[in-house]
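Please read this short report alongside the sequence and the model.

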Amino acid sequence: MKLIVTDRNGTVHELKGRDDWSAMEVIRDANLPMAAECGGACACATCHVYVAEAWLERLPQAQQQEVDMLDFGVAVQDNSRLACQIRLTEKLDGLELTLAPESL
Amino acid sequence: MSITVAPPGSEHTTDVVIIGAGPTGLFAVFELGLLDLKAHLIDILDRPGGQCTELYPEKPIYDIPALVEVTGQGLTDRLLDQIKPFNATYHLGQMAERLEKAGNGWTVTTDAGTRITARCIVIAAGGGSFTPKRPPIAGIEAYEGKSVFYAVRKMDTFRDRTLVIAGGGDSALDWTLNLQPLVRKLTLLHHRDGFRAAPDSVNKMRALVAEGKMEFIVANIKALQGADGALGGIVLNNKERGDFTVPCDALLPFFGLTMKLGPVANFGINLHENLIPVDTGTFESSVPGIFAIGDINTYPGKLKLILSGFHEGALMAQQAFRYCRPEEKLRFQYTTSSSSLQKKLGVA
């Protein structure tokens, strides 16, 4: 499966997704700039991504903990998610994400 | 848990200064203490524990040897208990700002004016200093410290101002409630009509809105307007209204904390991608007498695990002893069998 990630310079990266990995883990493993400070505990909002419109409905809904933690994201939009909470499956083959801006 | 906290601005001399009071820094106190080395800890947070207490105090950790399950706060409490016999001095809510050579040791100065002189420095700063997130809005730097603030040092700064508070956590809601009586006009701004903050604070805020004492707007910040650091208004955007401007002369964004390396970058030690390369025999940096342990260091095979930080602290202490007590012979002992170690621990 593939994960299509646009970085903050607009460069598009095609990453090899792995079943059961989180999107954050795949992005971090590819050395793209993502702080992911808490390491996937849904406790920091530094793995903030925007989900492409076409994929929004196809992702499982965010749990309340993720919705709350997004209050600590900067530049949050309606299509904001935390990459550590997106668990990859074959159904998400081709998922398109954009890295959200970070704190200055 | 009672710990010895020194007043800001005080001066001290000790064996080792540890920058960072997370689990790695705390356990280093234990390993240094077994060798009779005294330690002072500096941390930017107002309590020990680092990421464990700041990011996940209630989340269980399962990979601490012999602790099947322990929360971030639980681990911190146990470490504080374990290092209690060594009576370390804590300098909390302070950032280690400057490092200068002092004789054959170093003097660390904090942003609160505390000065500590020691033979060795141990950097156990994890991912760096916890600092408020700064929203990536074009030109915001020009307003920071004049009309954009990330903390409330003196409430009076906001008296009679037209204030916008942005965010949905406890800081945003608490300061909304505290500052509302003081300011000319208050607007709370959040990206959704829902809050991470305590429900009680949210209810109080909604009551103030209902009484017409403040405004709550669901929108995102698009741009700042003003000149020479003086904010005149904020351009907001939401689905219903598109772009619109809210006049204001002060903005308080509260989006939680992030970790920045900070002044450690200017300490004169070699860095590699914001990490400190170390010798894995001693956990010493490129500068003799300055060590780096825990998440902030790097070496072949490094794993950012709490247990790695514990191991690194033990080896660091051996080398620190050689610097601090050059005339003494380092004696390797076990706590199970050494009566002198047991005396230090207060169990013999």
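The report covers domains, helices and the chain contact.

This is a predicted model, in which local features need pLDDT of at least 70 and side-chain atom pairs count only at pLDDT 80 or more, while totals for chains, interfaces and linings use all residues. Residues are numbered from 1 along each chain as its sequence is written, and chains are lettered from A, ligands numbered from 1, in the order in which they are written.

Chain B is divided into two domains, with bounds from an automatic or database domain assignment.

| Domain of chain B | Residues |
|---|---|
| domain 1 | 4-131 + 258-344 |
| domain 2 | 134-255 |

Their centres, taken over C-alpha atoms, are separated by 38 Å.

Helices here are DSSP runs (H or I, at least four residues), numbered from the N terminus. In chain B, the axes of α1 (residues 23-34) and α3 (residues 72-83) come within 9 Å and cross at roughly 20°. That makes α1(B) roughly parallel to α3(B) (angles under 35 degrees). Residues making the contact (C-beta atoms, placed from the backbone, within 7 Å) include Leu26(B) and Phe30(B) of α1(B) and Leu79(B) and Ile83(B) of α3(B).

Helix α5 of chain B (residues 199-210) has 12 residues, which at 1.5 Å a residue should span 16 Å. The expected span is 1.5 Å times one less than the number of residues. Its end C-alpha atoms are 16 Å apart, which agrees. Just after α5(B), Gly212(B) takes a positive phi of about 75°.

Between chains, 19 residues of chain B are in contact with 20 residues of chain A.

How values were computed: Axes are lines fitted to C-alpha atoms, for helices over the stretch in contact, and angles run from 0 to 180 degrees between N-to-C directions. Helices (H or I, at least four residues) and strands (E, at least two) are DSSP runs, numbered from the N terminus. Angles under 35 degrees count as roughly parallel, over 145 as roughly antiparallel, 65 to 115 as roughly perpendicular and the rest as oblique. Two residues are in contact if their C-beta atoms, placed from the backbone, lie within 7 Å.
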